[in-house]
Each structure stands twice: as structure tokens, then as C-alpha cells.
Amino acid sequence: MFDYFLSLHPVMQAFIAGLFTWGCTIFGSAFVYFFKTVNRKLLDTMMGFAAGVMIAASFWSLISPALEFAEPTYGSYSWFPAAVGFLLGGLFLRAIDYIVPHLHLDKPIEEAEGSPQFKKKLSKSALLFLAITIHNIPEGLAIGVTFGALASNLGDQTALMGAIGLAIGIGIQNIPEGSSLSLPIRGEGKSRWNAFVWGSLSAIVEPVAAVIGAAFVMSMTAILPYALTFAAGAMIFVVVEELIPESQSGGNTDIATLGLMIGFVVMMVLDVALG
């Protein structure tokens, strides 16, 4: 089975990896069938863990390879495409935040962000759904560009295992992410099935973004360093703007920070061991 995966085109590999991470979100969303409410301490720990995974993945799976790809062309200025791509990724997520209405998990509906004309028309469940979906866009892009980069490293098992490690790491952090959406929606009085569907569909963008990211970098390999760090910048924006503040807002600062450190170490081990 693994040999078959290795023989596939990088875009198909990215699609399968995106399906895997989506499946992890579906699994996490299914927690709504076993629990009535989400424990705030557990939620904060899970958010911290997710933040740690994304920070580690941003460096080892995205920024570090980007610098290596840029060095033959840019020499001592290999930092330039990395810096530009990283900043553009953050600006991209900021633009989405500004336009798309969404709600942070720890905020009342009155504090929803995004376009005013659309916020009034959406329920709290829809606003929560959009918030998690925004998080999943850079994750899908990150998976896509790492597998798309394999086209420039045909036969490089290290690069392939690094891409697989990134997908596994994102999949791990998607499990608590799915439950962090489905359980609050269930707490609003929605049915378990309704909450499960909302939670599951929040990551449907990941396989789509993965395919787009892979196809894009394969069609224009010169932009690969920019694309890798673009995904990293978008992920770090999500971590700093949403995941860390939300994990610290419930008063469980120490355990949330420990969760972040454990998530960082798990992703680092995965990336170094597999890469």
C-alpha cells in the first residue's frame, strides 16, 4: 500500500494527504457522540498542542526547505524569498479574517469579526464553522506545497518522508480541532448529527487547498521558496492571532503552554525522524 502511494503523482499524493487530515477532523468531530460538553481545561490544552504542532511544522517542513531551495538561485540572499513569502502568507490570512465573518470560540456572537453585512445573517454555529475553516486553509496549502516540492526532488526519500510527517502532524492536531467545533455547537442545543456534520465539513477545504498548492508549485517551480514560506506565514498568523490567545483565555495558562510545548516536540520528532 505504501509503495503504491510512493508511485503516485505528487498532486495525487497531496490530495490523499489532505483526505487523511480531513479524516482526522471527522474523527475528532465524532467525539460529540461520546461527550456532552467540552472541558475547558482540555480544550485549552488541545489548542495549545495544535499551536505547537503548527509552529514546529512551519519551521522544519516549510521555512527550512524553502531556504534550501532558494540557496542555488539566491545565494547569500536566500532569506529574501523566505521573508517575502512569510509576510505575504500572514497578509493573506489577515485579508481573509477581514472579509470572511467568523467567531472565536471564547467570544460571544456580538464580537464576531469580518464583513458587517454578512455577520448579521449568520448563526453562531456558522460563524464558528467559518473560523475553523479559515484555520484549515493554510494547513491544506502547506500539505500541497510540500508534496508539490517533490517534483523538484524526484527520488528524494527524505523530502517525501518530510511531507508525510507534515501531513501526520497536521492530522494529529486536527483531531482536537474537530471536537473543539462540534462540542460547542452541540452545547448550543444542536443535534449530535448536526454538530458532527458542522465539525467534519470545516476541514473539507484541506484536500482542495492541498491539490491547489501542489499543482501551483509544480507549474511554477521558481516560486517554490515563496510558496513554502507563504504557507508557513499563514500558519503562524493563525497560531499567534487565534490559537494561542484562545488557549490562554480560559485561565489555564500553564497547562495550555505545556500542551504547546508537547505539540512542538511531537511535530519536531515526526519531522526529524521521518525526514
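Is Asn-252 buried or exposed, and what is its relative accessible area? In this predicted model, local features require a pLDDT of at least 70 and side-chain atom pairs count only at pLDDT 80 or more, whereas totals for chains, interfaces and linings use all residues. Residues are numbered from 1 along each chain as its sequence is written, and side-chain values use heavy atoms, with hydrogens and water left out.

Asn-252 is buried, with a relative accessible area of 15%, where buried denotes under 20% relative accessible area, exposed over 50%, and partly exposed the range in between (1.4 Å probe, protein chains only). The residue is located in the loop between α10 (224-248) and α11 (253-274); helices here are DSSP runs of H or I with at least four residues, strands are runs of E with at least two, and both are numbered from the N terminus. When residues up to four places away in sequence are not counted, Asn-252 touches Arg-40, Lys-41, Asp-44 and Ser-247, a contact being defined by heavy atoms within 4.5 Å.

At the level of the whole protein chain, eleven helices and zero strands are assigned. Of the 275 residues in the protein chain, 49% are buried. Among contacts between residues at least 6 apart in sequence, 82% join residues at least 24 apart. The protein chain exposes about 12,200 Å², of which carbon and sulfur atoms supply 72%; these accessible areas come from the Shrake-Rupley method with a 1.4 Å probe, and for residues only the protein chains shown count as cover.

Two helix pairs involving α2 were examined. The axes of helix α2 (residues 10-29) and helix α9 (residues 205-219) come within 8 Å and cross at roughly 155°, each axis being a line fitted to C-alpha atoms over the stretch in contact, with angles running from 0 to 180 degrees between N-to-C directions. This angle makes α2 roughly antiparallel to α9, in a scheme where angles under 35 degrees count as roughly parallel, over 145 as roughly antiparallel, 65 to 115 as roughly perpendicular and the rest as oblique. The crossing of α2 and α9 is right-handed, a term applied if the near helix is turned clockwise from the far one by less than a right angle, and left-handed if anticlockwise. Residues of α2 in this contact include Phe-15, Gly-18 and Trp-22, while those of α9 include Glu-206, Ala-210 and Met-218. By class, the residues of the contact of α2 with α9 comprise twelve nonpolar, two polar and one charged; Ala, Val, Leu, Ile, Met, Phe, Trp, Tyr, Cys and Pro count as nonpolar, Asp, Glu, Lys and Arg as charged, and the others, Gly among them, as polar.

Helix α2 also packs with helix α8 (residues 192-201) at an angle of about 155°, their axes being 8 Å apart. That geometry makes α2 roughly antiparallel to α8, and the crossing is right-handed. Trp-22, Thr-25, Ile-26 and Ser-29 of α2 form this contact with Phe-196, Gly-199, Ser-200 and Leu-201 of α8, giving four nonpolar, four polar and no charged residues.

Within α9, Ala-209 counts as buried at 8% relative accessibility. Leaving aside neighbours within four places in sequence, Ala-209 is in contact with Ile-137, Gly-140 and Leu-141. His-135, in helix α6 (residues 124-148), is buried at 3% relative accessibility.
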